[in-house]
There are 2 protein chains.
Amino acid sequence: MTVTPSAATTDGPAAPCAPEDVRRVACVGTGVIGGGWAAHFLARGYDVTAWDPAPDAAVRLRRLIAAAWPALEQLGLAEGASQDRLTVTSTLEEAVADAQFVQESAPEKLDLKRDLLARLDAATPAGTVIASSTSGYPMTDMQTEAADPGRLVVGHPFNPPYLIPLVEVVGGVRTAPAAVDWAARFYAVAGKSVITMEREVPGFIANRLQEALWREALHMVANGEATVAEIDASITEGPGLRWAVMGPMLTFALAGGEGGMAHMLDHFGPSLTSPWTRLEAPELDRALYDAVVAGCEEAADGRSIADLVAERDRGVIDVLRATGRLPRSAEEAAR
Amino acid sequence: MTVTPSAATTDGPAAPCAPEDVRRVACVGTGVIGGGWAAHFLARGYDVTAWDPAPDAAVRLRRLIAAAWPALEQLGLAEGASQDRLTVTSTLEEAVADAQFVQESAPEKLDLKRDLLARLDAATPAGTVIASSTSGYPMTDMQTEAADPGRLVVGHPFNPPYLIPLVEVVGGVRTAPAAVDWAARFYAVAGKSVITMEREVPGFIANRLQEALWREALHMVANGEATVAEIDASITEGPGLRWAVMGPMLTFALAGGEGGMAHMLDHFGPSLTSPWTRLEAPELDRALYDAVVAGCEEAADGRSIADLVAERDRGVIDVLRATGRLPRSAEEAAR
């Protein structure tokens with residue numbers, strides 16, 4: 001990722017302040033996601049202005065933040081962080097009037113997003129980057145009505161934004177590359193873990209993965225193949241424990257034993273034609289085989305299979321302990 | 001689950017010993033999964049006999065167990081547990097001759113599984129339950145060649161079997177219900193977390209879910225939409241942190257705010273028609289809507305949304321700490 005903090009380009013936003021210098025963040029839309037963002041930014045020491053059209057939005061937002069605060073205290077608040085630095089405004093325009101960054105978290109309706117982003121663009125100081133929390137709409141489809149689409153980016157978080165580090169950052173065809181870089185840098189400064197995507201894909205990365213899982217789960221419920229409780233337990237007692245530690249690709253590489261991902265694909269490749277999900281697999285041709293094997297080697301970054309196994313084992317044991325599935329120490333286990 | 005530990009039925013196995021009385025376990029096939037099972041059973045204090053046709057199988061198996069042993073010591077070994085209680089035999093027949101439970105973990109090839117299970121059935125003492133680690137074949141398809149198919153069950157583990165608690169237990173059409181119950185009880189005694197399925201579905205539950213995710217990931221790699229490293233990071237920094245704590249259904253219920261799963265479905269139901277994955281969703285008709293909402297309420301088991309949010313937050317913070325993403329204490333964070 002190339003970061004150009006305050007580069008004003010002819011087709012991009014006017015120079016915003018440097019990501020490190022941001023003090024004032026606006027959160028527009030304060031439901032579960034927007035409220036979670038507000039809690040996150042407050043905990044990181046920002047001044048937060050917030051607006052939401054719902055009549056009881058202020059009460060609900062303050063309740064959400066108060067409920068999250070003990071968790072945020074455990075995470076460690078930034079110096080000066082306070083719930084008192086939240087200002088709930090009565091208009092959208094007031095919320096963004098002095099904002100150095102805007103996070104939009106409105107309901108997932110395309111027309112609404114289009115109009116709202118245009119309104120935000122009109123009301124926000126020139127040069128300030130505006131990010132959308134959209135779960136899956138490409139910015140290209142949302143930035144159509146804005147006068148300055150160059151500063152509009154997707155900054156897709158995961159619930160709750162104050163705890164789950166990931167933010168996926170991607171621009172639309174009319175977004176200035178500098179705005180994408182600025183947003184990625186800002187989120188990193190604000191304590192998030194950033195993936196910057198080179199191109200738009202509906203649902204981005206993580207939502208495509210969890211949406212596939214979710215749809216398969218819905219099929220199983222619809223067909224009476226598994227209950228909601230069984231689906232949840234099958235993940236928390238199974239693959240979920242690994243996925244907190246190691247992603248699905250490297251995890252599967254370890255199923256190949258000392259032969260790693262290549263051996264795994266040799267062994268389980270034929271299963272891609274099995275009816276183990278309603279999702280048809282791509283053809284495992286040479287190019288895909290090589291891309292997956294090379295990608296795993298790159299991700300392993302010099303760690304041997306034995307290293308990765310040891311790392312996974314340590315991680316899973318820590319997660320088992322942390323989530324109360326194991327005694328915290330061997331001494332307790334011996335009791 | 002109804003457990004009938006030693007019930008001999010006319011169509012079932014001859015009375016096996018009670019699950020609690022098992023001392024001798026046979027592991028047939030000792031690759032990553034079979035070797036992981038051997039490590040698990042040794043750590044739980046069983047005598048383990050093992051056989052695998054590969055010429056260097058004994059060396060590799062002992063190496064795998066030695067590598068796993070430090071992790072198993074951390075988990076807490078059962079009294080008397082020792083790597084010395086492993087006997088690698090030179091024939092399949094020797095491995096199972098005195099076994100009180102057999103775990104088959106051969107490569108994922110249907111013909112091979114069919115023949116092997118028939119051979120195991122012929123060589124194993126009458127009444128001893130034989131379980132297959134198959135990743136997805138229904139037992140109905142694998143038990144076709146065995147003289148006593150009634151004692152053949154699926155006991156599907158997750159890699160590594162010595163760390164990931166889940167085992168999915170399910171019988172085929174010719175499996176005696178008592179054998180399914182016995183296996184479920186035995187695995188629980190042996191320290192596993194068991195889901196007993198009422199009916200066969202290819203891939204069972206968790207593999208259907210992770211196979212959907214895996215296939216979507218392969219599509220993304222094939223199309224150049226995401227790299228292997230991005231796919232892994234999108235899970236470990238995102239949904240994977242939640243899934244160690246709370247399954248995908250309850251996790252999504254919390255995206256609905258105080259309205260829970262019903263509100264989530266109202267809000268995100270339309271996304272099921274979005275191209276956020278290659279997997280087509282089922283129609284979200286009234287029956288499915290009601291089943292998902294009721295299932296989440298049942299799984300919540302009296303916990304309010306606020307309770308679940310607090311539980312998730314505590315769990316994710318513990319997982320963040322355990323996996324080194326956060327300082328271990330607020331004091332460290334303040335430094």
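**Surface, fold and symmetry**

Modeller: This is a predicted model. In it, chain A exposes about 12400 Å², and carbon and sulfur atoms supply 50% of that area.

Colleague: Which radius of gyration does chain A have, and what would a compact globule have?

Modeller: Chain A has 335 residues, and for that number a compact globule would have a radius of gyration near 20 Å. The C-alpha atoms fill a box of roughly 60 × 55 × 45 Å along the principal axes.

Colleague: How many Å separate the centres of the two domains of chain A?

Modeller: Chain A is divided into domain 1, residues 19-196, and domain 2, residues 238-334. Taken over C-alpha atoms, the centres of domain 1 and domain 2 of chain A are separated by 34 Å.

Colleague: What percentage of contacts in chain A join residues at least 24 apart?

Modeller: Chain A has 14 helices and 8 strands. The contacts considered are those between residues at least 6 apart in sequence. Among these, the share that joins residues at least 24 apart is 68%.

Colleague: What kind of axis relates the two copies, chain A and chain B?

Modeller: Chain A is superposed on chain B by a rotation of 180° with 0.0 Å of shift along its axis, at an RMSD of 0.0 Å. The two copies are thus related as by a two-fold rotation axis.

Colleague: Which residue of chain A has the C-alpha nearest the axis?

Modeller: The copies meet through the same surface, because 100% of the interface residues of chain A are also interface residues in chain B. In chain A, the C-alpha nearest the two-fold axis lies 2.3 Å from it and belongs to Leu279(A).

Colleague: Is Gly260(A) buried or exposed?

Modeller: Gly260(A) is located in helix H11, residues 260-268 of chain A. Beyond four places away in sequence, Gly260(A) touches Ala253(A) and Ile305(A). Its relative accessible area is 4%, and buried means under 20%, so Gly260(A) is buried.

Colleague: How far does helix H13 of chain A reach from its first C-alpha to its last?

Modeller: Helix H13 of chain A covers residues 305-322, which makes 18 residues. Its buried residues include Leu308(A), Val316(A) and Leu320(A), and just after H13(A), Gly324(A) takes a positive phi of about 75°. At 1.5 Å a residue, 26 Å is expected for the helix, and the reach of H13 is close to that, at 25 Å.

Key:
Residues are numbered from 1 along each chain as its sequence is written. Chains are lettered from A and ligands numbered from 1 in the order in which they are written. This is a predicted model: local features need pLDDT of at least 70, side-chain atom pairs count only at pLDDT 80 or more; totals for chains, interfaces and linings use all residues. Side-chain values use heavy atoms; hydrogens and water are left out. Helices (H or I, at least four residues) and strands (E, at least two) are DSSP runs, numbered from the N terminus. The expected span of a helix is 1.5 Å times one less than its number of residues. Buried means under 20% relative accessible area, exposed over 50%, partly exposed in between (1.4 Å probe, protein chains only). Domain bounds come from an automatic or database domain assignment. The radius of gyration is taken over C-alpha atoms; the globule rule is 2.2 Å times the number of residues to the power 0.38. Contact means heavy atoms within 4.5 Å. Accessible areas come from the Shrake-Rupley method with a 1.4 Å probe; for residues, only the protein chains shown count as cover. Copies are superposed by least squares on the C-alpha atoms of residues with pLDDT of at least 70 in both.
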